[in-house]
Amino acid sequence: MPGHDNKNGLHDIVAAGARQDGSAGRRFWRGLGELAETPAFTESLHHEFPNDPEKENSGVNRRDVLKLMAASAALAGLSSCTKLPTQKIVPYVRAPEEIIPGKPLFYATAMTQGGVATGLLVESNMGRPTKVEGNPLHPGSLGATDIFAQASVLALYDPDRSQVVNYEGRISNWAAFVEAINRLRDEQKATGGAGLRILTGTVTSPSLAAQLRALLAEFPAAKWHQYEPCARDSAREGARLAFGQPVNTVYRIDRADVILSLDSDFLCSGPGSVRYARDFSARRDPDASPNASPHASPNRMNRLYVVESTPSNTGAMADHRMPLKPGDVERFAIGIAGSVGLAGLPESRSIGQFAGSAWFEALSKDLENHRGASLVIPGEHQPAAIHALAHAMNHALGNAGKTVFYTDALEAEPIDQLASLRELVEEMKSGKVDTLVILAGNPVYDAPADLDFAKNCLGAKLRIRLGEYDDETSELCHWHVPEAHYLESWGDARAYDGTVSLIQPLIAPLYDGKSAHELIAALGGHSDQSNYDLVKDFWKTQSAKDAKKPGKESQKPDKVFETFWETSLHDGLIAGTALPEKPIAMRGGFNISSQQLSPSAAAESLHIVFRPDPAVGDGRFANNGWLQEVPKPLTQLTWDNAAMLSPATAAHLEVVNEAVVELQLDGRTARAPIWIVPGHADGTVTLHLGYGRSRAGRVGTGIGVNAYALRTSAKPWSADGLVIRKTGERYSLASTQMHHAIEREGKQLDEPSMAAFDRELVRIAPLEEFRKNPEFAKDPEERTTKALSLYPAMPQSAEYAWGMVIDLNKCNGCNACVVACQAENNIPVVGKQEVAMGRAMHWIRIDTYFRGGLENPETVHEPVLCMHCENAPCELVCPVAATTHSPEGLNEMVYNRCVGTRYCSNNCPYKVRRFNFKLYSDWTTPSLMGQRNPNVSVRSRGVMEKCTYCVQRINAAKITAELEDRGVRDGDIVTACQAACPAEAIVFGNIKDPSSRVAKLKAQSRNYGLLTELNTRPRTSYLAKLTNPNPELSSPATHQRKE
Amino acid sequence: MDPVMPEPSAELGVSAPLIEPGHSYASVTDKISAIVLTRRTPRWWMLGFAAAFCLMMLLFFAVAYLFAVGVGIWGINIPVGWGFAIVNFVWWIGIGHAGTLISAILLLLRQQWRTSINRFAEAMTLFAVSCAGLFPVLHMGRPWLAYWLFPYPNTMGMWPQFRSPLVWDVFAVSTYATVSLLFWFVGLIPDLATLRDRSRNRVGKIMYGILAMGWRGSAVHWSRYETASLLLAGLATPLVVSVHTVVSFDFAVAIIPGWHTTIFPPYFVAGAIYSGFAMVMTLAIPIRAIYKLEDFITLRHLDNMAKIILATGLIVGYGYMMETFGAFYSADQYEKFMILNRMTGPYAPFYWALIACNIVMPQLLWFPAVRRSVVGLFVISLVVNVGMWLERFVIVVTSLHRDFLPSSWGMYYPTRWDWATYVGSIGLFLTLLLLFLRYLPMISIFEMRQLVSQTSGKTESRVSGNLDDV
């Protein structure tokens, strides 16, 4: 470079070296050239005079302007030559000729978890996906979603998502990667791929599976392994034990009158849980419901029995619940199996300890009495034998084909994933693997500790990783290829019942993301094929195969396919692809041997239970702020996991909340803070997976405890022999709801919950009592009819009065509404410190109260949001009229007018107002701005905010109605929380219209308001919770096993 | 000088002197004006001012950080939306009350013993109100919009929301501050003229001259002065009652148990006077010792103030009793819970400390010996100041932290910034007070001269036209 002073150049390199030393990047450098690749130095090379003092002072100089002009002119010419291929995606509801600014479009797509798809509709505002809703046509969703789907849109915009192809930690590109792959192909061809191993998660995608099979056909010696930390190996193996083949089990919860859950959280986790929650809640309506399935016995609530170790949402919904140690769950299952007439059970497993219990006898009788309408659901984490036992019980009870049916496996290749991973590790250890391709997953972090994946994977000479984040696994891989988010890629996957759900992108990849399809195609030498073509061509081939079958109309196949393709994309699923019910018989000579069960543990030994975290799952969602901050069900913990145990066990071990203990299991240790959970099984500690990530991103790195450090492949879900050692340290945990135990009449009770019941905030009665006194929950008339106020009444709209009803009998506390509200209303994440200070910003929260002794209390979830009081205490005290009343009854917040005195919040008896104590909204990270709902203000520091009943949705519906010259119809407006709710517990609408759903629900006898004695006249009301206890068990839900 | 007068310490009845014998007009003027004009600035003043100034800088630092980051630097949260800022606001406003009471009500009641303490009590009022006035602005989420609380014509077409007690507060406190300032300033004019005439330094002459507003001591001036001060006293008198009544409305109008109480207005006013007199005592005792003003602020003054403290303390105690009684008598479960939570909940130590400070300790004032013990009075006055601060803390925080829905129960822990702002506001107060002591006559010179004639046995009307500027 002319004029470049050598001395200066050297100086720069030395300076770059100094920078390098200070950074946490690579410690060693091989030469000045490599060192000088720092961005700062590279940039300095672009300046003609690197140390030009004038440059510092002037913002833009002549040279830059000319350079930019030249570059843009060149680029303009370049881009005009490139014709981008058209990849048509089909909008769901309306297909305007052009996008109308301000009008969102909805596209159907699907998100997979554990390989299983849930159908979604994603809202796109001007090309930006902003909000996820459920796809009403999709059997796994029926319009609802879970928290993971709701939060997935944030992951799309996560600034920490990996953005470029990396080779050995340095920025590279796709072309270089393809080149390397082609070299690899040439090498592998010689050996038939003997050294090639592909590790994927669970694959249900027909197109991806076809690609993988084609690849394996090309390289017959290569192997395809699958591993997910929370795979359904037990269920698979259980089906094999029972039927001799791995089948998929589908439950028809809506047809079951009596359900027994053996440690299964079927309402909130696992494939189909969103659908199951819907089906379950349809049977929690004491009055005949028009939505109830025709198979349901009318007017009859189902009855749910749950035995479980770790309290779950499903357990909280139980009419009878029993906390049991993991091993005891198995013993219990064997006992029940024996009493419903199963033979061939292990003798050594005496049911003696349960025989005397009224609970136990009543349950088996109840199941027997409902033959064909009962259902036994084994937990995903129970051993295979229990799954087999449950299949046998369902067969014995005549439930097969009625409340439970079987299909072919969802997985393209159903295998024992732990065994698969173990085999891979062994081969890597022995040096048989020279190329390892890891598609998604994060085995370095989440593989069982005994396999020591991090060390053993180094045995593979070339490691290639496709991942959304540059995480623990990518760190140990040579090549890292950024994975496209599902909202950026084409794909397909099967739903819980086998329905093929199409994944269509809402946006072109924000970064250099590639899908698994593209990576496998590249491995197969087809790097030129686009993601779109790979998926579409597969289905084209499939439909051509179908067309060859007799009975098909002889239309032009192309045209038929295009119609089929567009319809399927529009619907988000391929019609008729649900796997057919498979008539299947129990394997002859079905027998369970003792070896298949957990060994009987010494009574003194502590058990540890591993479960996926209710908020961050197996750890893949660790960098999602919404999920980190959502208060976990039952514990209300945020931002951490903890060693959870029962009050009695805590007392026995003399530990208190937040005390740090060392968990020792088979020579492995982890340190975790204690959290006492009412209703937890005694002598058992639950530790959630998914925390303790070392390379998750700026949100998820370094928080919580890594439970994988204790988890072994032999005992992936529960283990005994846990030793707890106190450390004397404290670690503060951030919970959003206070609980503290007090002693009353020899029982441990929760004081705040007692107050809640005294104050009749939650009203609950057994079904029998409700039948006798249907108005048990009703507020006295004077609290709901008189509207005494010193001030004149607000003007009222003649047409609309918005209101909401929340059915406590349906809510299972899954938090979907909380995250949906956060996504819809641009609610910021505040971080652990602020949550601990009591400043979480959620507009809707799930209050949890416990009734009865803390060893096994009844649990009630109560979603609380702004009540939109007709006599709102907040409005009177605002000095600047920043919170006002609309004629339609909305209690409105005018952010621009708010000066932040917080008087309104103090005076709100429901404490639903949230204050921006600091600048919580992220106003600086550009990528996050894409996620924001353009119809909701992003709040700044110092203003109050709260639930608006999704006023933006109300107004959109009103505008549409006005354009069509009609009134708003019932169902036109669905609030974000209502839309997300899998249980349909939330209903919103116009209470002035007596035929609206909300008005009908408000007319029900179970309808009551919170704190109506304060004359607030809340517009949000609740339907009292009912339980359906077995009459043979006197006191509901609180039975402890008699030892 | 006058043998008729009894010895000062013998009896502290009405006949006890309000000014020690032996003073002439000239000696009174000399003694008081010398503090400002001739005596060297004492060493303790310099040290005290340095300390107070540092604390004031701490306040400015805390406020700067507050404006930069937001009220999130404090410990407030949901449910406890108000914390130290409002506690301090009510506390400072309460302290201010004594000054107005002394200068206005006691003036109208012709209580001449007020003379020697009214000037600095008024100054204290003014400074306390200044401190108090800061907090409502600081505690706002967006303090730069504080002016929206005033009714002024604007393009938004918006008035404040007149149903909100916070708007009433704005009127009450700003009126109070204005009247207090005027009253204080009008009362200062004759003395400012004295200082103008006696000042030997040119800057002093000019400054005091401007402030004296041309006072020449003519009969017309005195007549106007008396009319003005009577009128202002008349205006200020209802304010003594109204300001703290309105402040109490901030709480009483709300529906939170522990706030929603009809007894609050009288109980707050009594509490304000209680804390105000305690603060006057806290300040008067060291000042009279340091400036050797025992002649002017006599034991009789302290005795009278102690009696007022005792009386208002009993009213406050009655308020606490009625609050508790009302909670149980109402049979309202939220009220009952609130009282029990105060007495036994996580903030119970604060409640019992408040009872000890505000009810138990002041009972010592029944004993004349305690009322005559300067040290004893000083300690009790400090205790009462602490107690009254605790009272506001208990009212604001314990009512909010556990209200209706147990799911929202929380705790409030003040942060270092809460403390910095509080301690800093004391620094601001002391800084202003020390400047006042140094540059203005802390005791009304001309009113003290009127008392001279009393100690000389002459009975003159208080309004005497023949007093002129010496």
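Biologist: How many residues does the largest nonpolar core have, and which have the most contacts inside it?

Modeller: The core has 419 residues, and Ile608(A) and Val280(B) have the most contacts inside it. Helix α3 (residues 84-108) of chain B gives the most to this core, with 16 residues. This is a predicted model, in which local features need pLDDT of at least 70 and side-chain atom pairs count only at pLDDT 80 or more, while totals for chains, interfaces and linings use all residues. Residues are numbered from 1 along each chain as its sequence is written, chains are lettered from A and ligands numbered from 1 in the order in which they are written.

Biologist: What makes a set of residues a nonpolar core?

Modeller: The members must be buried Ala, Val, Leu, Ile, Met, Phe, Trp, Tyr or Cys residues, joined through C-beta atoms within 7 Å. Buried means that 20 or more other C-beta atoms lie within 10 Å of the residue's own (12 or fewer is exposed, in between is partly exposed; C-beta atoms are placed from the backbone).

Biologist: Which residues is Val280(B) in contact with, leaving aside its neighbours within four places in sequence?

Modeller: They are Ala98(B), Ile117(B), Ala121(B), Met124(B) and Met305(B). Each counts as a contact because C-beta atoms, placed from the backbone, lie within 7 Å.

Biologist: How many residues of chain B are in contact with chain A?

Modeller: There are 39, in contact with 45 residues of chain A. On the side of chain B that touches chain A, α5(B) gives the most, with three residues. That side divides into 25 nonpolar, 11 polar and three charged residues. Here Ala, Val, Leu, Ile, Met, Phe, Trp, Tyr, Cys and Pro count as nonpolar, Asp, Glu, Lys and Arg as charged, and the others, Gly among them, as polar.

Biologist: Why is helix α10 (residues 273-282) of chain A called largely enclosed?

Modeller: Nine of its 10 residues are buried, so the rest of the structure largely encloses it. Tyr276(A) and Phe280(A) are among them. The buried residues of α10(A) pack against β2 (116-125) and β8 (247-251) of chain A.

Biologist: How do you know that strand β24 (residues 684-689) of chain A is mostly covered?

Modeller: Six of its six residues are buried. Thr684(A), Thr686(A) and His688(A) lie on one side, and Val685(A), Leu687(A) and Leu689(A) on the other.

Biologist: What makes β24(A) and strand β19 (residues 606-612) of chain A a pair?

Modeller: Two strands pair if DSSP finds at least two bridges between them. β19(A) and β24(A) have six bridges, in the parallel sense, so they pass that cut-off. Strand β21 (residues 643-645) of chain A is joined to β24(A) by two bridges and runs antiparallel to it. Thr686(A) is the bridge partner of Val609(A), and Met644(A) stands opposite Thr686(A).

Notes:
Helix = DSSP H or I, 4+ residues; strand = E, 2+ residues; numbered from the N terminus. Contact = placed C-beta atoms within 7 Å.
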